[in-house]
Amino acid sequence: IALAISGYSMTDNKHSIKMIRGPIEKFIRQAYFGGNSNIFVEGTERFVKEGYHYDLNSQYPNAMLKPMPTGNPVFSNNTDLNYYKLGFVFAKITPPSYEVLPNLFLQHRNEDGSVSCPREEFYEYISSVDLKQGIEYGYKAEIICGVNFPDACGENELFGPFVNKFYEIKSTATDSVSKNIAKLILNSVYGKFAQREHE
């Protein structure tokens, strides 16, 4: 239902969400990781005596307002990261030293399936947005190939009307039923576009 509502709310027919299958889907899916959660403390003691707890509001809807990879994907051997405005690349990544960045954040999938943030050089499939952020913090990267979305939409262009409407309902609702239904609709749509197709 939430997916149907979001489709009805999209008045911008210029941008289309493609159903990507085959080798390009496999390429992109390898860049998917779960959340990266760590506790960073000084020294070897792992007990946190004092800390801060942050409760972030509507993170999935907020992500839906960012630029989105719409239109046809294009596979490329271009080695310039700036070519991949909004896409996914396979790259050789060199993390910064401890002195430059004590707490690493770019993820690597190990051979046993576990995920780590290694200090040594590694090869990985990664979103161009994440890699660009890593470079800002001292990572270095050599792009080997990638998938680009040249017709990607800008901020608020795709899901803006949908998110803004239901966030308004959620934030101004005076009863818990309306608030919870609006929250459920907001949070249910985002992951639907990354679901695997089961045969």
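Reply: Residues are numbered from 1 along each chain as its sequence is written. As the model is predicted, local features need pLDDT of at least 70 and side-chain atom pairs pLDDT 80 or more, while totals for chains, interfaces and linings use all residues; side-chain values use heavy atoms, without hydrogens and water.

Me: What makes α5 roughly antiparallel to α6?

Reply: Helix α5 (residues 160-172) and helix α6 (residues 176-189) pack at an angle of about 155°, with their axes 8 Å apart. Angles over 145 degrees count as roughly antiparallel, under 35 as roughly parallel, 65 to 115 as roughly perpendicular and the rest as oblique, so α5 is roughly antiparallel to α6.

Me: Which residues of α5 and α6 meet?

Reply: Contact means heavy atoms within 4.5 Å. Among those in α5 are F162 and F166, and among those in α6 are A182 and L186.

Me: Why is Q107 called buried?

Reply: Buried means under 20% relative accessible area, exposed over 50%, and partly exposed in between, with a 1.4 Å probe and protein chains only. Q107 has 15% relative accessibility, so it counts as buried. Q107 lies in the loop between β2 and β3 (108-109), and its contacts include F33, V115 and F122.

Note on methods:
Helix = DSSP H or I, 4+ residues; strand = E, 2+ residues; numbered from the N terminus. Axes fitted to C-alpha atoms, helices over the stretch in contact; angles between N-to-C directions. Lists of a residue's contacts leave out its neighbours within four places in sequence.
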